[in-house]
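Please read the following points with the structure open beside them.

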Amino acid sequence: MEKRKDGFLIEKGAHEKDFIFGTRAVMESIHAGKDIDKVLVQKDINNDLIKELIQLCKAEKIPVVRVPDAKLNRITRKNHQGVVAQMSAIEYASLDHVIESCFNVGKAPLILVLDRITDVRNFGAIARTAECAGVDAIVIPEKGSAQINSDAIKTSAGALNFLPVVRVKNLFYTCRDLQKSGLILVAITEKTDKIMYEADFSLPVAMIMGSEEDGISNEMMGIADEKVKIPMAGKIESLNVSVSAGVAIYEAMRQRA
C-alpha cells in the first residue's frame, strides 16, 4: 500500500487518474470508446443500472470483477457508487493483425506469450527487452496477469508505448489459433532435457514464459510443440522470469541475425 497526501491508503502502483468512478460515468466512457482494462463492481450491489452496466461490459468484452467495498475505498474516497473502472494505460493490439502484417512483409513472427506473469516489474522488464529485440507482440490473458499501469510503463522504459500487447480471454485457445496460423509453440521451461540452443527460432515462433511461482501451466505445456530449457551451471536451479525471457529472446534474435 501507499499513503496519499490525505493519509488515505491506496494500492501500490495505482493512481486516481487511472480510474473512472460511478456507474453512469463508466457506462458513458465505454460508449465513448475509451480503453478500459476492467470494471470493479461492489459485491453486494445488483440494481437494474448495475445489471445494464454488466451487460454492456459483456458486449464490449470488458472484464467485470466483483469486489468488496473496502477494495474500492482503497482506490478512492470519492462517491464511487460501487463502480470503478480501471483505464488501460495502452491501446491493445489485434493478434490477427500482427500475424498478418508479419507474413505480408515476409517476416517469421516472433510472439511472446506470458502465462500468468503477475509482477508488474517483471512484466515491464520483459516488455523492454522484447521491444529492443524486435519481438512482434506480447500476448497476455485478461485474468491472472500483471496490470499494465503507470508502473509497468515506467519499468518498461516506455517500451509498452511501442510494443504491441494483445490481451485475450483464453490463452489456451489463442495459442491453438497461433499453431493453426503456422507458428511453433515453444515452452521455455526447466522441466525438459532439451537445451534451448537446439530449437529453431528462425521459424515462426510463439515463445511461452511461465509464472514466477510455478512456471508454465500444465494446460499450456500440454499443447507446446517443443519444450526447451536454458542451460544452468550453478547451484540455483532457476532464473528470474524476466532474465529467462531476455536470454530466450536474444537467442531467437541471434539465430535470426
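1. A nonpolar core is a set of buried residues of the kinds Ala, Val, Leu, Ile, Met, Phe, Trp, Tyr and Cys, joined through side-chain atoms within 4.5 Å. The model discussed here is a predicted one. Its largest nonpolar core has 36 residues, and Leu112, Ile138 and Met207 have the most contacts inside this core.

2. Which elements give two or more residues to this core? They are the strands E7 (110-114), E8 (137-141), E10 (184-188) and E11 (205-209), together with the helices H5 (120-133), H6 (150-155) and H9 (241-256). Helix H5 provides the largest share, 6 residues.

3. Met207 deserves a separate look. Leaving aside residues up to four places away in sequence, Met207 touches Leu110, Ile111, Leu112, Val113, Val186, Ile188, Phe201, Ala248, Ile249 and Ala252. There is also a second, separate core of 23 residues, including Ile111, Leu183, Leu185 and Ile208.

4. The largest pocket has a volume of about 940 Å³. It is lined by 30 residues, and the closest to its centre are Glu60, Lys61, Glu142, Arg167 and Lys169. Helices H2 (48-59), H4 (95-104) and H7 (171-180) and strand E9 (165-168) each supply at least two residues of this lining.

Methods:
Residues numbered from 1 in each chain as written. Predicted model: local features only at pLDDT ≥ 70, side-chain atom pairs only at ≥ 80, totals over all residues. Heavy atoms only, no water. Buried < 20%, exposed > 50% of the residue type's maximum accessible area, 1.4 Å probe, protein only. Helix = DSSP H or I, 4+ residues; strand = E, 2+ residues; numbered from the N terminus. Contact = heavy atoms within 4.5 Å. 1 Å grid on protein atoms, 1.4 Å probe; cavity = no way out; pocket = protein on both sides within 12 Å on 5 of 7 lines; lining within 4 Å. Points joined across faces, edges and corners; volume = space filled by probe spheres on them.
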